[in-house]
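Dear colleague,

Please find below the structure that I am handing over to you. My notes on it follow directly after.

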Amino acid sequence: MQKLDIDEIKPSMVLAATVKDKDGNILFLKGVELTERHINILHNRDIKKVVVEGCPVKRENNMSGSICNEIDRRFITAGSNPVVLRIRDIIKELMI
Amino acid sequence: MTAAGMQINSQIKDRLFSIKDLPTIPAIHGRILKLMEDINYSVDEVSKLIEKDQVLSSKVLKLVNSPFYGLYSGIATIRRAVILLGSNLIKGIILSTSLFDIADNKLPGLWDHSYCCSTVAGFLAKRFNLITIEEIMTGALLHDIGKVLIKKQLLEESKEIEAAVKSNGMTILDAERMVINITHDDVGLWLADTWNLPSIIKDIIAYHHKPGMCSGHKKETAIVHLSDIIVKGIGISYSGDPFVPMLDADGWDILALSESDLVDIIVEIMEIIQADKGFSRYIHGGKDGK
């Protein structure tokens with residue numbers, strides 16, 4: 001899962017989260033494979049960020065390591081329940 | 001426990017719960033609470049009193065306009081906010097403001113953490129279509145009140161608790177257990193009892209770390225439990241320690257959320273946070289919430 005700027009979105013990427021507009025109306029459900037038409041609509045509706053499946057854009061970001069470490073540190077005390085580990089990983093994936 | 005240990009424990013309880021040292025509620029807040037004891041209280045009268053207190057007014061307006069609450073925006077008058085938020089939430093704001101002000105320089109960021117939890121819990125309550133949204137938000141606003149009382153009444157022990165959290169990476173709950181053998185959820189419940197708060201709010205305060213053990217308002221309590229974890233996990237606020245509390249597996253089961261629901265919830269919460277200026281100031285590397 002990766003959060004991308006609208007300008008990074010390319011056809012065939014798959015939505016990992018439902019996209020809503022500013023008023024909370026659902027535009028596209030998760031699981032939709034994006035086409036040029038979808039991407040145009042996202043632009044027209046002024047959507048800035050979209051969460052997609054996988055990690056299609058490789059980033060050379062020095063910050064991501066330290067953000068991950070910081071999040072890991074916060075979760076030291078959270079136990080090893082798979083749900084809480086998933087919460088940790090979702091937050092990581094959305095922050096970097 | 002040894003006889004000496006029990007003695008220490010009862011001594012600590014005496015100091016914690018000595019009525020004469022209880023945090024006093026400012027006169028104007030007391031007057032509002034008194035008015036609201038009557039279920040047919042006058043919205044005008046309550047609103048006028050709230051307007052006299054700038055800190056209280058700003059908190060009331062901030063909460064009613066919260067992007068998480070999502071129902072309303074652009075509410076500019078206290079009168080309208082009082083009607084929309086309802087008496088429980090107004091009482092919750094007053095009690096937490098009174099109490100947190102006392103501890104403000106001692107526990108920086110606790111109000112911010114409580115506010116964030118409250119709004120995230122409101123967002124989740126709405127998602128679950130619960131009619132108890134007002135009580136859930138109030139409970140979330142007050143879930144950590146026990147921490148304030150511990151800080152106020154047991155200054156030396158509080159320093160030990162903080163040191164244990166900082167140096168050993170203990171949760172505040174474990175550190176409290178180790179140093180004073182009583183935890184902030186139990187202390188908070190005692191305070192809530194003293195204030196005669198509704199049972200749903202008492203359940204949230206008492207079981208916010210273990211909703212599975214709650215025999216009353218399980219789902220409401222589980223929502224605040226999850227909000228606490230998500231808010232801490234994202235690092236939006238600071239409540240005395242930067243660490244995410246242990247997830248209560250039974251509490252999680254109560255909510256019956258799928259992995260896919262969880263992704264949607266966190267994505268949406270983070271989007272609202274990042275879009276909102278009021279929240280963005282809370283996003284930090286786990287330091288002070290200011």
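A residue is called buried if 20 or more other C-beta atoms, placed from the backbone, lie within 10 Å of its own, exposed if 12 or fewer do, and partly exposed in between. The model is predicted, so local features need pLDDT of at least 70 and side-chain atom pairs count only at pLDDT 80 or more, while totals for chains, interfaces and linings use all residues. Residues are numbered from 1 along each chain as its sequence is written, and chains are lettered from A, and ligands numbered from 1, in the order in which they are written.

B:Ile83 has 14 other C-beta atoms within 10 Å and is therefore partly exposed. B:Ile83 belongs to helix H5 (residues 78-85) of chain B; helices are DSSP runs (H or I, at least four residues), numbered from the N terminus. The C-alpha atom of B:Ile83 is 9.9 Å from that of B:Asp44, 39 residues apart along the chain.

H5(B) packs with helix H4 (residues 54-64) of chain B at an angle of about 55°, and their axes are 10 Å apart. The contact (C-beta atoms within 7 Å) involves B:Ser57, B:Val60, B:Leu61, B:Leu63 and B:Val64 of H4(B), together with B:Ile78, B:Ala81, B:Leu84 and B:Leu85 of H5(B).

Finally, helix H8 (residues 133-142) of chain B is mostly covered, as ten of its ten residues are buried. Among them are B:Ile133, B:Met137 and B:Leu142.

Yours sincerely

Terms used: Helices (H or I, at least four residues) and strands (E, at least two) are DSSP runs, numbered from the N terminus. Axes are lines fitted to C-alpha atoms, for helices over the stretch in contact, and angles run from 0 to 180 degrees between N-to-C directions. Two residues are in contact if their C-beta atoms, placed from the backbone, lie within 7 Å.
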